[in-house]
Amino acid sequence: RKCLLFSKETTWFKALKGLGSAASVLRHSLSDVGLGLQLIEEHKGAAKSAAGRSGGAAGDYSFFTPYARTLPGPLDFEGSLPAWWTEKEREALAGSPLLHTVRAQLAALEEDYATLAGHVGAGKGDGTGGLLGALGFPFPVSLREFMWGMALVTSRTIGGDDGERDGEGEGEGDYMAPIMDMLNHRRP
């Protein structure tokens, strides 16, 4: 259990849930967004730890940093996921139901990012305002980084429910587990 990264045990899920109705405007579930933010924090924290060491040696930001290092980085999705393509590249999907799906997914990600990262709230639009600013998220977050975190969540989490409820009819939530995350068995 210690090696599992549970969505509802992340700092950011708990913080989002604590915001109540302010977080209810998100189109993705709080557990997905919380886990995505946790992965972004791990990725950026590990990079900051490595930058602070002599010779750039990798440092552990948290217990989960070694696992987070095994995950594909943000640039690994550039050519493989249609949501990351330019609109011109996505037009190659014209006539396919996939084009509508990709555009809908991209719109939901952009809307959640705008809510989270500062296009509302502080209004700076630099990834430090909005709900992230209210939560005290330790790093600025770009749209691409948010898309990366959510891509990992939607492709690598395992649905989990230990049978215990949190008082609102919700179980433990999804989790990520080393090695098992490569089974790619969740939603696209």
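Modeller: Two residues are said to be in contact when they have heavy atoms within 4.5 Å. Please keep in mind that the model before us is predicted.

Biologist: Among contacts between residues at least 6 apart in sequence, what share joins residues at least 24 apart?

Modeller: In this chain the share is 59%.

Biologist: Where does L26 lie, and which residues does L26 contact beyond its neighbours within four places in sequence?

Modeller: L26 is placed in the loop that links α1 (11–18) to α2 (30–51). Beyond those neighbours, L26 is in contact with L16, V33, D112, T115 and L116.

Biologist: Is L26 buried or exposed?

Modeller: A residue counts as buried under 20% relative accessible area. L26 has a value of 9%, and therefore L26 is buried. Across the 188 residues of the chain, 45% count as buried.

Biologist: How many helices and strands does the chain contain, and in what order do the elements run?

Modeller: The chain has seven helices and two strands. Read from the N terminus, the order is β-α-α-α-α-α-α-α-β.

Biologist: How many aromatic pairs are found in the whole structure, and why is the pair of F77 and W84 called tilted?

Modeller: The search finds four aromatic pairs. Planes under 30 degrees apart count as stacked and those over 60 as edge-to-face, with the rest called tilted. The ring planes of F77 and W84 are at 45°, so this pair is tilted; the ring centres are 5.8 Å apart. Both F77 and W84 are buried.

Methods: Residues numbered from 1 in each chain as written. Predicted model: local features only at pLDDT ≥ 70, side-chain atom pairs only at ≥ 80, totals over all residues. Heavy atoms only, no water. Buried < 20%, exposed > 50% of the residue type's maximum accessible area, 1.4 Å probe, protein only. Phe/Tyr/Trp six-rings, centres within 6.5 Å; stacked < 30°, edge-to-face > 60°.
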